[in-house]
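Subject: Structure handover

Hello,

Here is the structure I promised to pass on. Please open it before reading further.

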Amino acid sequence: MKQKNGKSPISFLTALFICGFLTKLISETLHEFGHGIFVIVFGGRVLKIFISVLWPFQRSWIRWSLPENIGNYELSIIYAGGILLCLVVSFGLQVYLHLRRNPWIISLPFAWLSFWCFLNGVGYLILGGLTSYGDIKDLIRLGCLTNVSSIAIGLILFIIGFLSLSKIFFNLFSRKFSKKGSIIALMLFWMQIPVYCALFFLSF
């Protein structure tokens, strides 16, 4: 695959992989911060945060201490906080990237962070609905979601984000590759999701 100017795309691909790894760690941190912010708001304390560099084989987590009189409403917001913050960041960045054209070296990390935050939010909703996993398991227990509603919300957001992020990444790839090369790059980019899903179920 050659760049439009005929040069090797090694520098672009190197930046692509480095940004992908680093922004994944940032998205994990944002998810745990989403919990922690509401823990503090509702009078609790954050005891420890662990961010894994081995996802999906090892998952990040947060430990907290909450007041004894905390109610289900507050608990629901705390459990949903990570997903909500990631989705807000993702779709906020997507709007920004659609409205503003920056040099690719600036747009690339924003696009990656938007992707990872998107995958974090919809991944929890869909996989959590299928397996009663993680934060979704707690939200179902508290009566905020059902398995079906979690999957439905996740799928709707996935379709919206898929179309939006496809346009963003295609435009990024188009700055370096031909139209055909950009389409191939975009297809390869989205192929990572079924790989992550398979690894998730193997390590579940």
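This is a predicted model: local features need pLDDT of at least 70, side-chain atom pairs count only at pLDDT 80 or more; totals for chains, interfaces and linings use all residues.

Start with helix α3, residues 104-131. It has 28 residues and reaches 38 Å from its first C-alpha to its last. That is close to the 40 Å expected at 1.5 Å a residue. α3 bends by about 30° at Gly 123. Of its 28 residues, 22 are buried, so α3 is largely enclosed by the rest of the structure. Just after this helix, Ser 132 takes a positive phi of about 50°.

Next, the core. The largest nonpolar core has 44 residues. Leu 108, Trp 112, Phe 115, Phe 169, Phe 173 and Trp 190 have the most contacts inside it. Seven elements are listed as giving two or more residues to this core: α1 (10-41), α2 (72-99), α3, α4 (134-141), α5 (147-174), α6 (179-190) and α7 (192-202). α3 gives the most, with 12 residues.

Then α5. This helix also has 28 residues, and its first and last C-alphas are 39 Å apart. The expected value is 40 Å, so to speak, at 1.5 Å a residue. Its buried residues include Gly 154, Leu 157, Gly 161, Phe 169 and Phe 173. The cover over the buried residues of α5 includes α1, α2, α3, α4 and α6.

Which residues does Phe 173 touch, leaving out those up to four places away in sequence? They are Phe 12, Leu 16, Ser 182, Ala 185, Leu 186 and Phe 189.

Best wishes

How values were computed: Residues are numbered from 1 along each chain as its sequence is written. Side-chain values use heavy atoms; hydrogens and water are left out. Helices (H or I, at least four residues) and strands (E, at least two) are DSSP runs, numbered from the N terminus. The expected span of a helix is 1.5 Å times one less than its number of residues. The bend at a residue is the angle between axes fitted to the seven residues ending there and the seven starting there. Buried means under 20% relative accessible area, exposed over 50%, partly exposed in between (1.4 Å probe, protein chains only). A nonpolar core is a set of buried Ala, Val, Leu, Ile, Met, Phe, Trp, Tyr and Cys residues joined through side-chain atoms within 4.5 Å. Contact means heavy atoms within 4.5 Å.
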